[in-house]
Amino acid sequence: MKFSLEYITKSVDGWLNATFNPTIAFLIESVIVMVLVIALFAFLGLVLVIMERKVAAFMQIRLGPNRVGPKGMFQTVADTLKLIVKEGFTPNNVDKFLFNLAPFIVMITAMVAMAPLPFANGFQIWDVNIGILFITAITSVSVIGILMAGWSSNNKYSLLGAMRSGAQIVSYELSAGLSILVIVMLSGSLRISDIVAAQADGWWIFKGHIPVLISFVIFIIAATAETNRAPFDMAEAESELTAGFHTEYSGMKFALFFLAEYVNIFIVCAVGATLFLGGWMPLHFGTGTAFNTVMDYIPGIVWFFGKTFLLIFIIMWFRWTFPRLRIDQLLNLEWKYLLPICLVNLLLATIIAIAGWHF
Amino acid sequence: MFIVDYIKEVFGAIKSLGTGMRRTFWYFVHPKEIITEQYPENKENGQLILAERFRGEVVMPHDENNEHACTGCTACELACPNGTIKIVTKFDITPEGKKKKAIDQFVYRLEMCTMCNLCVEACPSDAIIMTNDFEHSVYDRNELTKILNKPGSKIRDGIE
């Protein structure tokens, strides 16, 4: 029998509904989902940080952390422990309410954006009919948290970083949205399970010809910019702005910003994997060959995480290759290059979708 | 044409970014290229590799007859920016009965040395060199004032 997470969720749901009345069953399910999401967050925080540091080190001909645990694999655990026991310091003359609220807003938006992600067949928190629009809308809320942190810190570096971040996210939201639209148009639905189902006979990046390839590249660029990572890390820019919007934060509040950054990377990469690389769909060539049967036996969740981590690796790869852009270069890149290319590409994709030239 | 230049620019950008990414990926899949020295461990198993021109402390090489090449010309003392070197000279009597200037003590104060290599470059007879030795910690700072010429040593023949 094939491994299926849908079977587990269905049987848990059935057992809870048979044992308790529907309201209590729903509450228990919510608690289970919350615990799972928080566990995933902690896991992502630990794994992605050590992955980033190791990838960075190897690309820069260094060794990276190699003292705590085998090959330094427990370094992030030690770092987290340190951050937990540190004092959550609130400086004088900051806007105390906004200062303390900002990290939670950034964190909560990252958590909410996780809701429509399909981890495996039928293993999805909320299959809403506007799934992809929901994710795009929610991820852009995180800029409010960043602006809040920058403004309330009462610090010139924080304010500059926050303003840059605002300009950047507002611009890059456009090309991210337009490159997502190409896929939405080809699959004819905003519901994420429909988008994944449309890729059962081949992923969009193979089926959709050149327009999908172009929109994939633009999506990766825009996703990097939206998560405020190098080469678009104008909001942090440690060499110019010390640490940008989170200069004044320490301890667990800083850790929340740090964690939210990595969770956001995971989310944009998961969205990219779902839209362009077929989500949890296994790799298929043609129909009914032995290769396809073997691929079907690999569980969907492995496919999903494999594709997501591949995209995360690509994003890390160019983070540690390219130098940081200046703010005017950053906005030039968006408004003079990515947006026009995106619009032409959308037109091309429309023609392909109407004429039915995709496979 | 504007649009041709525009497209050329886009493709040129993609190509140059691709070049950079190929290089970093090459390093990523070739861990043998890593140049990090894991210092205290690799000292024990003898894998500490230092560059040939790494500048540690100044020493004066002596050959098997306990002879060095220093004429006591004080070029190094004049070249030193922080007064690390102090040369005390004396007068030897040569077999022909003439007086000849020679060094009595070559005083080298490691505590003041910045390993700038200027003394080695200034030396006309290559009497001093810099070694790779970099572990200079001692418990008493007097140990850092060193006499570089060995006791009883004298200048090699043929060096003026």
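**Close-up views of a predicted two-chain model**

**Figure 1. Helix H1 of chain B and its span.** In this predicted model, the 27 residues of helix H1 (residues 2-28) of chain B should span 39 Å at 1.5 Å a residue, and the end C-alpha atoms of the helix are 39 Å apart, which agrees. H1(B) is hardly covered, for the count of buried residues among its 27 residues is one. In general, an α-helix has 3.6 residues a turn, so residues three or four places apart point the same way.

**Figure 2. The contact between chain A and chain B.** Chain B contributes 13 residues to the contact, and chain A contributes 11 residues. On the side of chain B that touches chain A, nine residues are nonpolar, three are polar and one is charged. The scores of the model are ipTM 0.73 and pTM 0.81. For chain B, the average pLDDT is 84, and 99% of the residues score at least 70.

**Figure 3. Ile61(A), a residue with a positive phi.** Ile61(A) lies in the loop that runs between helix H2 (22-59) and helix H3 (75-85) of chain A. Its phi is positive, at about 55°, although Ile61(A) is not a glycine. Most residues other than glycine have a negative phi.

**Figure 4. Thr74(B), a residue with a positive phi in chain B.** The loop between strand E2 (67-68) and helix H3 (75-79) of chain B holds Thr74(B). This threonine has a positive phi of about 65° and is not a glycine. Since 15 C-beta neighbours lie inside 10 Å of Thr74(B), the residue counts as partly exposed.

**Figure 5. Asn117(B) and its surroundings.** Asn117(B) is found in the loop between strand E4 (99-109) and helix H4 (118-122) of chain B. Leaving aside neighbours within four places in sequence, Asn117(B) is in contact with Arg55(B) and Met130(B). The C-alpha atom of Asn117(B) is separated by 8.6 Å from that of Ile129(B), and these two residues are 12 residues apart along the chain. With 14 C-beta neighbours inside 10 Å, Asn117(B) counts as partly exposed.

Definitions and conventions: Residues are numbered from 1 along each chain as its sequence is written. Chains are lettered from A and ligands numbered from 1 in the order in which they are written. This is a predicted model: local features need pLDDT of at least 70, side-chain atom pairs count only at pLDDT 80 or more; totals for chains, interfaces and linings use all residues. Two residues are in contact if their C-beta atoms, placed from the backbone, lie within 7 Å. Ala, Val, Leu, Ile, Met, Phe, Trp, Tyr, Cys and Pro count as nonpolar, Asp, Glu, Lys and Arg as charged, and the others, Gly among them, as polar. Helices (H or I, at least four residues) and strands (E, at least two) are DSSP runs, numbered from the N terminus. The expected span of a helix is 1.5 Å times one less than its number of residues. A residue is buried if 20 or more other C-beta atoms lie within 10 Å of its own, exposed if 12 or fewer, and partly exposed in between; C-beta atoms are placed from the backbone. pLDDT is the predictor's confidence in each residue, from 0 to 100.
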